[in-house]
Amino acid sequence: MGTDLMGKLPLREHIRNMKKILRVVTDMDRWYFFFTSFVHLINVVVPYIQLMLSAYILDAILEKQDFHQVFFITALVLVIILVLNFIASSIWNRMEVRRERIFSLYSCITQTKMLNMDFSQIDSPKVKELQDRMWRDNNWGAGINSLFWQFNAILYGCFNIIGALVVGAPVVGYVLHSRQYEPFLVLLLLILLTAVGMKAGVYFKKKDHFFMFTFPQEEEKEDLSDFSWEFAEGRGFHYKNGKDVRIYHSYDLLKRWTTDVYHNKKFRRRLKDGAVGLAGSEAVVSVLHTAMEGGAYLMVAMMALAGGISVGNVVRLSGCLKNLFSAIYGVIQDTAEFALTARKQVSTLEFLEISDEMYKGKLPVEKRSDNEYQIEFKHVSFRYPGNEQYALKDFSMKLKIGEKLAIVGMNGSGKTTMIKLLCRLYDPDEGEILLNGVDIRKFKMDEYSRLFSVVFQDFVLFPYMLAQNVAVDVDYDRELVRKCLTDAGFGEKLQEWEKGETTYLNKEFDDNGVEISGGEGQKIAIARSVYKDAPFILLDEPTAALDPLAEYEIYSNFDRIVGTKTAIYISHRLSSCRFCERIAVFHEGRLVQYGSHEELVADTRGKYYEMWHAQASYYQTKK
Ligand code: ADP
């Protein structure tokens, strides 16, 4: 569910949220608001200088003062104003660049967090739900960006109030000391009006905000009311879906979740609410402004009529009063908006505050040139967070050094889970995994993960150069990259590509980038695992997207690719595993058989025999 922005929240919660989000922003740039405050100070002071200058000129004309002196003072003040304005705009322009920088940094911190937090956390239902909320709360990307102008507006408003009070102090003094009640009553009326206006303003602003920035609640999902393009993409409006849309005539289905929204009753009501919010908010502002302007003139006129106040002071004081009330109103309204912005960022802040749970280990991993690393699973059981079912149950096995082990089993039998546990993406719930007799949890995590090269089924390639994808680094050993690519069966393509290993994968960073097929991607991923040169190489269905010829090519090169490393090879195609010395058969999270192909196929009551014969006709034609 999206954050319920219309729900009540105690004031101290609002303040806490605002403080938190400000801290995140100021941690990224301590000086941003300091410098913008300086600009606001100038922006507040300049109009008052102008106001006082007008008052001075008026009084000077009426009092027939010396022209030269008036001219000199006017010119001097104008130069000061010019210099101040120049300073303010120079600083402001720099601050705009810094604001962009903070904004970009902020956009990156959730991604950075995501890439650095425990993998097991990303996968947990709790974090997934939080990510969902974050996405909804940041809908339209308006969240953090509005914080800058809101907080700057608050700062500006506060300076404005101080300025009005300082410059307009005589009015307060006058009202307090005068025996007239009328200006006092007007002042009271203005205060009352501001209070009422604030309440109404906040109400309308909330309505407007709710429409603009919140995501429909779960029960409204069918009546979507978000029409951003990204959102439409999420609902299936993507060019890649073009084939299916045409063949299955699925446009009507997709349209129901997107464009149909415009004709939907709930959406129209939301639209109306948004319009009422916006119109109401603007109406309150105009009414208040007019009333304040009128009230200010009325008060000053009363004081002037009662005597003892110059024409210049009439100008000066009416300006101050007008400013004072609109600044107070503005600060309250901007603070209310800021509170809403901060509230929308709560999910992001919560996400950033998730702390890692896995023990990161302290023991260094011994570097061995002979690759004598032995792994043993001892009664390992594991359930994914939020899952009742065990993905792996009481699994015990020793991985012999230099062994080529195949793991076979049906989908969902726990093969990938075993690899994830081995790489410490998760820790077992029961049992332990040992490296040379020591629980792997004790080893420094980043050193331990260097022992493994893995090609996951859902491997990721980046839109960078081919070579950088293989080396997973900006710098790379060109010859080694080419060798690994050739060993992985990518040699021909490498020759074909004009820019060879410096070709970009896809066009995000280079117009001449190349779109690659699933099979080509898999070969690159295999090359990457070889380049890493780790003592263990783990391949999870590495040939699933390859044609039989390419698959054959990988097998024939397998010994060269893997060398003396310990290798685990996962596949659901049994014939793909025959070249491995040992085969482990998984079924429903358990290791049910273990042995060579000949031994396993001889056991006519075993799972392997059953699977082998079920797939026999297929394999016979492929062999
Ligand atoms: P295999 O690799 O043999 O196809 P997996 O190890 O991927 O099987 O999955 C084993 C079981 O764990 C399956 O029932 C699967 O649905 C479940 N599972 C896998 N990944 C997750 C996950 N991230 N969250 C919850 N359950 C999962």
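Tutor: Let's start with the lining. H20 gives the largest share of the lining of the largest pocket, 5 residues. Before going on, a word on the model: it is predicted, so local features need pLDDT of at least 70 and side-chain atom pairs count only at pLDDT 80 or more, while totals for chains, interfaces and linings use all residues. Residues are numbered from 1 along each chain as its sequence is written, and side-chain values use heavy atoms, with hydrogens and water left out.

Back to the pocket. Its space comes to about 1,800 Å³. Here a pocket is an open set of points on a 1 Å grid over the protein atoms alone, where a 1.4 Å probe fits, with protein on both sides within 12 Å along at least five of seven lines; lining residues have an atom within 4 Å of a point. Grid points are joined across faces, edges and corners, and the volume is the space filled by probe spheres set on the points. There are 39 lining residues, and the closest to the centre are Leu115, Phe119, Leu425, Ser449 and Phe456. Besides H20, the elements that give two or more residues include helix H3 (67-116), helix H15 (415-422) and strand S6 (452-455). Helices (H or I, at least four residues) and strands (E, at least two) are DSSP runs, numbered from the N terminus. By class, the lining has 22 nonpolar, 6 polar and 11 charged residues; Ala, Val, Leu, Ile, Met, Phe, Trp, Tyr, Cys and Pro count as nonpolar, Asp, Glu, Lys and Arg as charged, and the others, Gly among them, as polar.

Now for H20 itself. Of the 15 residues in H20, 13 are buried, meaning under 20% relative accessible area with a 1.4 Å probe and protein chains only (exposed is over 50%, partly exposed in between).

For contrast, take the second largest pocket, with a volume of about 610 Å³. Its lining has 21 residues, and His14, Lys199, Val202, Lys206 and Ala336 are the closest to its centre. There, helix H8 (182-213) is one of the elements supplying at least two residues, and H8 gives the most, with 7.
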